[in-house]
Amino acid sequence: MDKLIPTVNKLQDVFNTVGQDAIDLPQIVVVGSQSSGKSSVLENLVGRDFLPRGSGIVTRRPLVLQLVNVPRAEGEVEGEGSVRAQFLHLPDKVFTDMSEVRREIERETERLAGGNKGIVKTPIHLRISSPDVLSLTLVDLPGITKIPVGDQPSDIEAQTRNLVFEYISKPNSIIVAISPANVDIVNSESLKFAREVDPKGNRTIGVITKIDLMDRGTNSLDILTGRVYPLRLGFVGVVNRSQEDTQSNKPIAESLAFEDEFFRSHSVYRTIQQHCGTKNLAKALNQLLMQHIRDHLPSIKTKINALISQTEQELSSYGNMNKDSDKISSAGRLLKLITLFATEFSNSIEGTAPEMSTAELCGGARLYYIFNDIFASGLDSVNPTANLTNSDIRTAIRNSTGPRASLFVPEIAFQLLVKPQIKSLEPPALRCVQLAYEELMKIGLSCGNNEMRRYPRLHAKVMEVVSDLLRERVSPTTAYVESLIAIERAYINTNHPDFIGGSGAISDLQRKLERKRKENTRSRIREVNKTISSTRHRSVDGDTVVVGAHGTVEEIFNDMTPTDPSEVDDSLENHQRKPSVSLNANTLRRPGSGSPIGSATHSNAAGHGKFFNSFFGAGSRRDGLHVPSADEPRAGHVSVIPVPNKLSNISGDGTSFDEEIAALSTQMSSDLTTAEQRDEMETTLIRSLISSYFSIVRKSIQDFVPKAVMHLLVNEVCQNMQNRLVEELYKEPLITELLQEDPALVAERDQCAAMLDVYKRAFAIINESM
């Protein structure tokens, strides 16, 4: 047990050598308001007058006070033993004059805190060895203040509060809360602070000072016995030296004797002498600290052991610390680092690197993402006909025929239009090459083990060589990708098995036109239904008839009711399968003409049956338009018209009903051989062919560009990297220059090594004491 406090003192000294307090060591923290008697308590514990005195805030830096009990020299009288003091910042100087110790504390405070009464967090470490002290480790903190005085900073209260909480919030600290007896305990700032970090009072001991200055008839009995404010560690009452005693340099031994006599002779306090006096306070603190150290030392040992492992790993991350002359030559080291870099680069691409990021895609996975997501999306976003207007297509068709009229859609126009669209695939392909190049550069920057990073010049030179190699390979890769696009544009293979071709395009166009025709027919039926509704006031028996391609009329409905447009498709199909039924009395004729209405429809429909064949030269043309023959049927073109069976000569508005029917029939049977509709079908046909062929080329480019990038760029760089690095860097004049370590890295490594040494020494100290 006697070795526990010296053990903690040694640990404090060890950790302070590197300027870090990585371990929360057990210690006693003294907290109190200004003029609460903190300094007097500490001086009574030491038995010497050594702390600065004055008005206002005097303690402006934490004072870590280590009291070490040493054997009494032979012949020394108790209370008059020699005292030796040492500061951590002056390890080679021993102070025996306590006034010199006071002045050194003042000088060291001024050195960091300045003369403006401000405070700093950097502590002063002082060790006092004496046979008249009990082994203790105390931290004297600046007094708690509320109002800045003189040239103190305006936020002095916040500074003091933050500093106090930094120490008392540590679980391994014992809080000594000092409160003057002549101030009501409920106003104690020290107990208030202690309660915030230790609400149960398990590690707080209260010290009541200036008991002798209480008003007559009052005492601190209830406080010292814990009836007013209970603390598990209890309260201790002490008598401080007066300001007069301090100014007259009254020996502390006499003050301690006065204190003993006061408590022994007092009618109230003599019954609780175990709770009173500086000696009892020192014994209580000594026992508390030893018990605290004994309880926490195993956990401290475990934490130091973990810190040793962490620091060893950190030190190994800085690379091999052996000198070039040890075990391996400089040239051999350079070759090893180059080989490791090239291997790590290849492994990153192949996905076999020992350490791969789990936060984002990297290496070969990133290349895969570029090929199959970014590049593929770029190709899919290209619309093959988005920038082609109908006017562009018609102009291309006419330009491709020269001064002659075209008998069919010329293939030259198709090639003239599809080649620029193929060219639009080049930007995404070149972007794919650029992204792959940038990703390879990122892989190179992320490679290089920790040992290589010790040599910043070597790493920079390696990246320079890698960058040059990548630039050399990206040019032929880009040229090859451009040639792929040029190859596709050089020969338009319309015999490709996946190409839709002329017949496929026409079939597709026919299906579209058929759907459009059905929609138009439904729309016209609705218009006729409106006409029927307007003529229902007539008393006429009517039938719904079908005006066919040959001018015949078929009876479909016997009642004169509006036709449902949804039934048109069934009617059309039935009409195509049934022979036409001629009408005698009810045959519809054009106004002023002896020919039936259906005959006009037949004449115009003849051109539609062979219209698509005209794209390939069938039939005759005049001025670019098809001239129908007399016997060309208009296949499948049927107009459904509800017609009264008995027609009156004049409709409700005075117009001849025959004229209305004739006009409607003429509108419905308008043929598709007009120039505008022919142009529309030609442009639609060209768009279909362009989309089909463009899709074939896009699939080919999407397949070949990643292969070209892998072969010409990625694989070439991986295969030639090590040879290029050796060729460029393995030169005698460069070896010494390249293997110069980074000074900042050397400093970090040395600090890490020092910390490791401290932790090992601390671990050894704990092992010796346990």
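In the protein chain, 80% of the contacts with a separation of 6 or more join residues 24 or more positions apart; a contact means heavy atoms within 4.5 Å. This is a predicted model, where local features need pLDDT of at least 70, side-chain atom pairs count only at pLDDT 80 or more, and totals for chains, interfaces and linings use all residues. Residues are numbered from 1 along each chain as its sequence is written, and side-chain values use heavy atoms, with hydrogens and water left out.

Confidence comes next. The pLDDT is the predictor's confidence in each residue, from 0 to 100. The protein chain averages 75, and 74% of its residues score at least 70. Over residues 537-561 the pLDDT is below 50, yet this stretch has 84 contacts beyond near neighbours in sequence. Where pLDDT is low, the predicted coordinates should not be read in detail.

The protein chain holds 22 helices and 14 strands. These are DSSP runs, numbered from the N terminus: helices are H or I with at least four residues, strands E with at least two. Of the 770 residues, 46% are buried, meaning under 20% relative accessible area (1.4 Å probe, protein chains only).

Now take helix H22. Its 27 residues, 743-769, should span 39 Å at 1.5 Å a residue, and the end C-alpha atoms are 39 Å apart, which agrees. The expected span is 1.5 Å times one less than the number of residues. Buried residues in H22 include Leu745, Arg749, Cys752 and Met755.

Finally, look at serine 130. It sits in strand S5, residues 124-130. Serine 130 counts as buried because its relative accessibility is 1%. Not counting residues up to four places away in sequence, serine 130 touches Val68, Asn69, Val70, Ser82 and Val83.

Conventions
Buried < 20%, exposed > 50% of the residue type's maximum accessible area, 1.4 Å probe, protein only.
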